[in-house]
Amino acid sequence: MVDVGKSLEGLEHQPGDQEEAVLDISYAGRGRRRRWIPYAFISTPVGVLLTFFSGPLVLLAIYSFQRRSRTGDGSFTLANYRAAVQPNILHVAGTTFILASISMVILLVLAYPLAYFIAMKVGRWEVPLLLALALSDELNPLIRIFGWRTILARNGLVNTVLQGIGITHAPLDWLLFTRFSVVLVLTASWMPYAVIPLYAAMKTIDPRVLEASSDLGAGWFTTFRYVIFPLTATGFVATMVIVFIPIVSDFATPGLVGGTSGRMLASVIEDLFTRRGEWGVGSALTFLLLVVSGLVVYLSYRIARVRNLDTSS
Amino acid sequence: MSRIKSPSPTGDPPPRRTSALELVGITKRFGDVTAVDRISLRVEPGEFFSLLGPSGCGKSTTLRMIAGFEEPTSGRLLLNGQEGSRLPPFKRSTNLVFQSYALFPHMTVRDNVAYGPRRSRLSRNEVTARVEEALRTVKMWEFADRLPRALSGGQRQRVALARGLVNRPAVLLLDEPLGALDLKLRREMQIELKEIQRQVGISFVYVTHDQEEALTLSDRIAVMNRGRIEQIAPPEEIFNRPATRFCADFIGEANLVPVEVNSRSDAPRVNVTLPDGTRVMVGTTSGITSDTRRATLVLRPSRISLAGSAPDPADTTTGGFRGRVRRVIFQGSVVRVDLDCDGGPHLSAAAAGFDIPDLEPGREVWATWRIEQSHLVGETISPSDTTGTTA
């Protein structure tokens, strides 16, 4: 409407512009008519998300505040949340965050050089290596985890080889069903998700900038600390977010290779839902986990934005 | 051609003095491709030395070997007299100004320039002082707190220069640093770059494919072609007495006339036969031996005069050709006349003006030149010629 007003105003002073004013009006009208089109395009995915993602979440939220699971009564209660923060569950939560953090650190320590080499050094092997990474993730996670069990078991590959070449004389017991195996399998499983965002961030760095750093007297660590890391910080945050949350909520890995000491929060939730029928407590715990994860994501983005990390030159 | 030049050293640097940089028989192969082929050169302290050549001639590879980003396949590289070909870039007393500037995009101008000094064992105050000095030298002090993306191309170029200078390297290497700037800014920066170089007294090794830039800036120029050095000499010598046909053709405009060498009786001057059969003396020669039969006469268009009649046969100081005007091209500050000459060669003459009436296509004129301004180079360019000029 503003456009039309302006055009009419112009008409008074410059009668010659009549045609232009008419065009303006028609464009404004067309713009208004077409404005719903983008919404139409996104309506389907939004609808799917609302139905199949948010819907169950709302149900879980309702369960978490109801007594139903124990007594069949739907009245409001906070008992589920109280049950969810009992010491034994908090202990598992502690283990979960420690194991997830250790896995994260190892992932990042390994993923950085890997992403660096794929992005900067391997030349024509770049695409094949990326495909190999993606392929390794295509494998069914259960099959992958069972694969690890055959490798780490008492009579598995590692123990057989170690004893075969005489490094150990008895099978190592701590390889499987321990926190070690959980961290190992988590790290291996989520490697593609750590490497790919870091790779993408590395790709935006001009290799000459790294040469300049070297030329100005910096060794590899200084170059990493002052050039590569700041320039890939957004990729770093993305990696943390992409990897940390699925690790924290992974139940297959701790369930299959964790034994009792490597139990994690998601296994407890699974247990509450599928074996003990405690839907209320399970829902409450799920929501607590969601809130904490959300907080982690929020803080990561806050940190990233506050520093105004921009990788464009 | 106007140029700014400090008192020029001779083609051969004096011995017994430690060169800032010395390359001895440096070769670089990438697989089957020989990018740099047995080149040798010396750069003296405080010298402005240019590597000039067409793209793909090996000049950038040479620079990257000096900086330490490529390892020579064979040969020796001495920095301040010390063997340095195996040192990594961060341990060399060289700094490189990249063609693309390669500034750290996440750091301010100040932090970019301070990056090098902070890697050395300088006190914080010393670092601050040096950074300010370097930024003032390139007139970028007011922009110290800007990020590179908030600067223009020319300003980034200055920061890149300051980032190299601030470390006071034995040799500052510059890889076509003005290549990305527009012509006017490039001319200004050329003059300023030369001023800065004289002021700081650091040796510059300057890679360029722009012959005018090399002539304007350099104390000495190494002309490279196909991985080899064709000539190392001060600009005037390169221009007036090119060592090879390639040098003559690549640097400045040149009329190249095939001639037959008659004798060397009147040494050092040589007598040649022009394509139209006339005999003429030449001023200077390069690469001519007593066996040379065929050679190329180099005549700069700016040194050719046009006359309406033949030069006096008794005048041995002037050579001349009869020809017909093919076209007359007005180029602003000069008029260029293309001629078809007797015996086949095409010549160009360029001057502010020619005082000949009716200068138009088809008119018969005489192209004349002063003998001492003509130069003769050996027609064939053999490897021994090339290495001969570098020794």
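Two chains in contact

The contact between the chains draws 17 residues from chain A and 19 residues from chain B. The model shown here is predicted. On the side of chain A that touches chain B, two helices each supply at least two residues. They are helix H11 (207-215) and helix H12 (220-231) of chain A. H11(A) gives the most to this side, with six residues.

Now look at chain A as a whole. Chain A has 16 helices and zero strands. It counts 313 residues, and 28% of them are buried. A residue counts as buried if 20 or more other C-beta atoms lie within 10 Å of its own. Next come the contacts in chain A between residues at least 6 apart in sequence. Of these, 70% join residues at least 24 apart.

Chain A is also divided into domains. The domain assignment gives domain 1 (2-71) and domain 2 (81-306) of chain A. Where the two meet, seven residues of domain 1 of chain A are in contact with eight residues of domain 2 of chain A. Which helices of chain A each supply at least two residues of the side of domain 1 that touches domain 2? They are helix H3 (37-64) and helix H4 (68-71) of chain A. The largest share of that side of domain 1 comes from H3(A), with four residues. By class, the side of domain 1 of chain A that touches domain 2 of chain A has three nonpolar residues, three polar ones and one charged one.

Turn to chain B for a sheet. Strands of a sheet pair through backbone hydrogen bonds, either parallel or antiparallel. In chain B, five strands form an open sheet with antiparallel pairing. Their order is E16-E20-E17-E18-E19. Which strands lie at the edges? Strand E16 (305-307) and strand E19 (346-351) of chain B do, and each pairs on one side only. From one strand to the next, the twist averages 45 degrees.

One pairing in this sheet can be followed in detail. E16(B) pairs with strand E20 (residues 364-370) of chain B in the antiparallel sense, over three bridges. Find B:Ser305 to see the two strands side by side: B:Ser305 stands opposite B:Thr368 in E20(B).

Terms used. Residues are numbered from 1 along each chain as its sequence is written. Chains are lettered from A and ligands numbered from 1 in the order in which they are written. This is a predicted model: local features need pLDDT of at least 70, side-chain atom pairs count only at pLDDT 80 or more; totals for chains, interfaces and linings use all residues. Domain bounds come from an automatic or database domain assignment. Ala, Val, Leu, Ile, Met, Phe, Trp, Tyr, Cys and Pro count as nonpolar, Asp, Glu, Lys and Arg as charged, and the others, Gly among them, as polar. A residue is buried if 20 or more other C-beta atoms lie within 10 Å of its own, exposed if 12 or fewer, and partly exposed in between; C-beta atoms are placed from the backbone. Two strands pair if DSSP finds at least two bridges between them. Axes are lines fitted to C-alpha atoms, for helices over the stretch in contact, and angles run from 0 to 180 degrees between N-to-C directions.
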